[in-house]
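These are my notebook entries on one structure. I set down what I looked up, entry by entry.

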Amino acid sequence: MHRFTSPKAVGAAATAALLSATLASAAHAANMSFATPGDAYTLDPHAINNTFVLSILGNVYEPLVRRAGDLSLEPALASAWKQTDPSTWRFDLRRGVKFQDGSEFNADDVVFSFDRARAGGVKNMLTTIDSLTKVDDYTIDIKTKGPDPILPQELTSWYIMDSGWAEKNNAAKPGSADNKTETFASRNTNGTGPFKVVERDPSVKTIFEKNATWWDKPVHNLDKVTFFVIPNAATRVSALVSGEVDLIDGLPPQDAERIKTAESLKVVSGPDLRVIYLQPDMARDELQYSSVKGKNPFKDVRVRQAMQLAVDVVAIQQKVMRGFSVPTGTLIAKEVNGYDAESGAVIKPDVAKAKALLTEAGYPDGFSVTLDCTNDRFMNDEAICIGVSGSLARIGIKVEPRAQTVGKWAQQINPPGYNTSFSLVGYTPATYDAHNFLQTIAGSRNAEAGRGVFNIGGYSNPKVDELIAQIQIETDTTKRLAAIKQAFQIIKADAGFIPVHQQMIIWGVKKNIDVVQPADGSLPLRLVTVK
C-alpha cells in the first residue's frame with residue numbers, strides 16, 4: 001500500500017531537515033590546522049601559475065567554473081555557460097554574490113580580472129582568448145582565437161578579484177611571478193570564496209576564517225583553519241603525532257607505516273596529476289653554472305639523450321620514494337587527457353650507450369653542472385636531486401645539487417630571468433588536458449602569445465609549436481589526440497625534458513577528519529568536516 005504525501009508536507013519535512021542539518025552543523029563547528037612543507041609565497045591570484053599557490057588561494061578566491069572533489073566541472077561564479085558560435089562562449093554570472101568586504105560581484109570584476117590576469121604570471125591560462133566583453137552586469141561573452149573546445153576547463157584556476165578593492169589599494173596591476181614585485185594583494189585578500197584570510201605571517205602561518213556571507217551552501221563545518229609552514233619533514237610528522245596539527249601534506253613515504261598503525265591517525269594517498277621532470281638550459285650559448293666555458297653542452301641532443309639514458313627513474317621510485325611514485329617516460333600523468341602509453345613508456349637505463357653518446361659529443365670525461373632543486377615543494381625533492389646526481393655520476397656528469405626553499409628557488413628560476421643551468425621542476429596541467437602543458441611548458445618562449453612562459457630551459461621545436469596551435473583549435477577528438485601524441489613523441493626524441501615520475505599525494509590525517517583528496521593536490525577546505 002502506497003501512502004500519499006502532500007507537496008506541502010514534503011516541503012515542511014524538507015525545511016525541518018534543512019533546519020536540523022544547519023543546527024547540527026553549527027553545533028559541530030570546528031577548528032582545524034594543517035601543515036605543508038612550503039608556503040603559498042604570494043596571496044596575489046594573478047602573480048604566478050603555481051599549483052600550490054593557486055590551490056591555497058582557491059579557498060578564498062573563486063573562478064567562473066570550479067572543480068568538484070572528483071575534478072569534474074561545476075558552476076561557481078558563473079551559473080551557466082554555452083557556446084553561441086564556434087568561437088564565442090556566453091557566461092551567465094551568479095547574482096547576489098558578495099566579496100568578503102561586502103561589495104557586489106558583477107561583470108565589471110570579471111573584465112578587470114581578465115585584464116589584470118593577462119598582465120601577470122597566469123596569462124598562459126587565457127592565451128586562447130581573443131576578447132572578453134561585458135554584455136550586461138551579469139553576462140559576459142568570451143571570444144576565442146578560433147574554436148576552443150575546452151575553454152571552461154581552462155578557466156578553473158583563473159580567479160576573480162574585486163576591481164574596486166584592487167584599485168583602492170593600488171593593486172590594479174599584479175605582482176611579479178618571481179615575487180620580487182609586491183602589491184597590497186600579495187599579502188591581503190578579498191575574494192568571494194568560503195574562507196577569508198584574517199592573519200598572515202609569510203613562511204610561518206596563515207589563518208583562515210569561515211566566510212559567513214558565502215553564496216554557496218557550506219558542506220564543511222569549519223570556523224577557523226590555521227595553515228602552518230613546516231619545511232622539515234620529521235618536525236611535520238612529529239606535529240601530527242603530538243596533535244599540534246590535524247593534517248600534514250608531504251608525509252614522507254618512510255613514515256607512512258608509522259602513521260597507518262597509529263590509533264588516532266590515518267594515511268590518505270592517491271595519484272597526483274603532477275609530473276616531476278628535469279630540464280636543462282638549452283637557451284643560453286654558455287651555461288651559467290657549469291665547468292664548460294664558451295659553449296653549452298645541453299644544446300647537443302646527444303648530451304641530453306645521454307642524460308636521459310643515465311637517469312634511473314625506477315631506482316628513484318624504489319629507493320627514494322619507497323614505491324610512492326609512478327615512473328614515467330612522458331611529461332603528463334595518466335589521468336590527464338591526451339596521455340599515451342607509448343610515450344609514457346619508461347626509458348631503460350643504458351650507461352654504456354650514454355657514455356658513448358657523451359664521447360661522440362666531445363665530452364668523454366663529462367663535465368660538472370649545478371642542479372637547482374627545492375627542498376620544500378615536492379615529496380622528497382632534495383633526495384630526488386641527490387638520486388639524479390648519483391645516476392649522472394655514472395657517465396661522468398658531476399651534478400652539484402643546490403637545494404633552496406621554494407620561495408628563493410622561484411625567484412631565481414622563474415621568468416623573466418630563468419636563472420638556472422639545470423633544474424628539477426614539476427607541473428600540473430591546470431586544465432587536466434595535455435594542451436596546457438604543451439602551451440605553458442614545451443612551447444617556444446613567446447611572452448606576447450603567452451606560450452612557453454614557464455619553459456625554464458628554453459626548449460624550442462617549430463614542429464611542436466605548430467602542433468600546439470593545431471591542438472588548441474582542433475574539435476575532432478581523434479585528430480586532436482593524434483596531434484598530442486605526435487608532439488610528445490617529438491619532445492621525447494629531443495630529450496629537452498627528462499621525466500622522472502608521476503607523484504603520489506600522501507597526507508597524514510587525524511581519523512576524526514573527513515577530507516577529499518583531489519588528484520590535483522589541492523586541499524578544498526569547503527569539503528572538509530571534523531567529527
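**Entry 1. The model**

I noted that this is a predicted model, in which local features need pLDDT of at least 70, side-chain atom pairs count only at pLDDT 80 or more, and totals for chains, interfaces and linings use all residues. Residues are numbered from 1 along each chain as its sequence is written, and side-chain values use heavy atoms, with hydrogens and water left out.

I looked up pLDDT, the predictor's confidence in each residue from 0 to 100. The protein averages 92, and 95% of the residues score at least 70. Over residues 1-27 the pLDDT is below 50, and this stretch has four contacts in the model beyond near neighbours in sequence. I take contact to mean heavy atoms within 4.5 Å.

**Entry 2. Burial of α14**

I took helices (H or I, at least four residues) and strands (E, at least two) as DSSP runs, numbered from the N terminus. Helix α14 spans residues 434-442. I found α14 mostly covered, with nine of its nine residues buried. Here buried means under 20% relative accessible area, exposed over 50% and partly exposed in between, with a 1.4 Å probe and protein chains only. The buried residues of α14 include Asn-436, Thr-440 and Ile-441. I then asked what covers the buried residues of α14. The cover includes α4 (151-154), β12 (265-280), β16 (422-427), α15 and α16.

**Entry 3. α14 with α16**

I looked up the axes, which are lines fitted to C-alpha atoms, for helices over the stretch in contact; angles run from 0 to 180 degrees between N-to-C directions. The axes of α14 and α16 (residues 477-494) come within 11 Å and cross at roughly 40°. The two helices are therefore oblique to each other. Angles under 35 degrees count as roughly parallel, over 145 as roughly antiparallel, 65 to 115 as roughly perpendicular and the rest as oblique.

Ala-434, His-435, Phe-437, Leu-438 and Ala-442 in α14 meet Arg-480, Ile-484, Ala-487, Phe-488 and Ile-491 in α16. I recorded eight nonpolar residues, one polar and one charged in this contact. Ala, Val, Leu, Ile, Met, Phe, Trp, Tyr, Cys and Pro count as nonpolar, Asp, Glu, Lys and Arg as charged, and the others, Gly among them, as polar.

**Entry 4. α14 with α15**

The axes of α14 and α15 (residues 462-473) come within 10 Å and cross at roughly 140°. His-435, Leu-438, Gln-439 and Ala-442 in α14 meet Val-464, Ile-468, Ile-471 and Gln-472 in α15. The residues of this contact divide into five nonpolar, three polar and no charged.

**Entry 5. Backbone in the loops**

Tyr-432 is found in the loop between β16 and α14. Its phi is positive, about 60°, although Tyr-432 is not a glycine. Is Tyr-432 buried or exposed? At 12% relative accessibility, Tyr-432 counts as buried.

Ser-203, in the loop between β8 (195-201) and β9 (205-210), also has a positive phi, near 70°. At 52% relative accessibility, Ser-203 counts as exposed.

I found a cis peptide bond joining Pro-415 and Pro-416, with omega about 10°. Pro-416 lies in the loop between α13 (406-413) and β16.

**Entry 6. Ser-368**

I located Ser-368 in strand β14 (residues 367-374). Ser-368 is buried, with a relative accessible area of 16%. Not counting residues up to four places away in sequence, Ser-368 touches Tyr-289, Ser-290, Ser-291, Lys-398 and Glu-400.
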